[in-house]
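Subject: Structure handover

Hello,

Please find the structure below, followed by notes on what turned up in it.

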Amino acid sequence: MKSNFYIEYYGKQIEEADLVKKAKAIWTKSGNKVSDISSLNIYVKPEDNMAYYVFNEDVTGSFSIEE
């Protein structure tokens, strides 16, 4: 089964895959390998235009969801 997940807010739309891609880019930019990811949780706060992530239950951070 294929599924898509979108967040719509303030006339904007963002796809789950785009959030995951941004988070993985941050992970690899820090010198880590994608294969080292055992879990990724992303929390979106549209009113702040921010996404907050947790890799492997202990590495945290955030990024803007603005295009």
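The side chain of Asn 56 comes within 2.5 Å of the backbone nitrogen of Ser 38. A polar atom of that Asn 56 side chain also lies 3.1 Å from the backbone oxygen of Asp 36. Polar contacts here are pairs of N or O atoms within 3.5 Å; within protein, one atom must be able to donate a hydrogen and the other to accept it, and residues adjacent in sequence count only if both atoms are side-chain atoms. Asn 56 sits in the loop between E4 and E5; helices (H or I, at least four residues) and strands (E, at least two) are DSSP runs, numbered from the N terminus. Leaving out residues up to four places away in sequence, Asn 56 touches Trp 27, Asp 36, Ile 37, Ser 38 and Ser 39, contact being heavy atoms within 4.5 Å.

This is a predicted model, in which local features need pLDDT of at least 70 and side-chain atom pairs count only at pLDDT 80 or more, while totals for chains, interfaces and linings use all residues. Residues are numbered from 1 along each chain as its sequence is written, and side-chain values use heavy atoms, with hydrogens and water left out.

The largest nonpolar core has 12 residues, including Trp 27, Ile 37, Tyr 53 and Phe 63. Such a core is a set of buried Ala, Val, Leu, Ile, Met, Phe, Trp, Tyr and Cys residues joined through side-chain atoms within 4.5 Å. Strand E1 (6-9), helix H1 (16-29) and strand E4 (50-55) are the elements that give two or more residues to this core. Beyond its neighbours within four places in sequence, Tyr 53 has contacts that include Ile 26, Leu 40, Val 59 and Phe 63.

A search of the whole structure finds two salt bridges (a side-chain nitrogen of Lys or Arg within 4 Å of a carboxyl oxygen of Asp or Glu). One joins Lys 12 to Glu 66, with the closest N and O atoms 2.7 Å apart. That pair links distant parts of the chain, 54 residues apart: Lys 12 is in strand E2 (residues 12-15) and Glu 66 in the segment after strand E5 (59-64). Lys 45 and Asp 48 form a salt bridge with their closest N and O atoms at 3.2 Å. Lys 45 is partly exposed at 34% relative accessible area, and so is Asp 48 at 39% (buried is under 20%, exposed over 50%, partly exposed in between; 1.4 Å probe, protein chains only).

Regards
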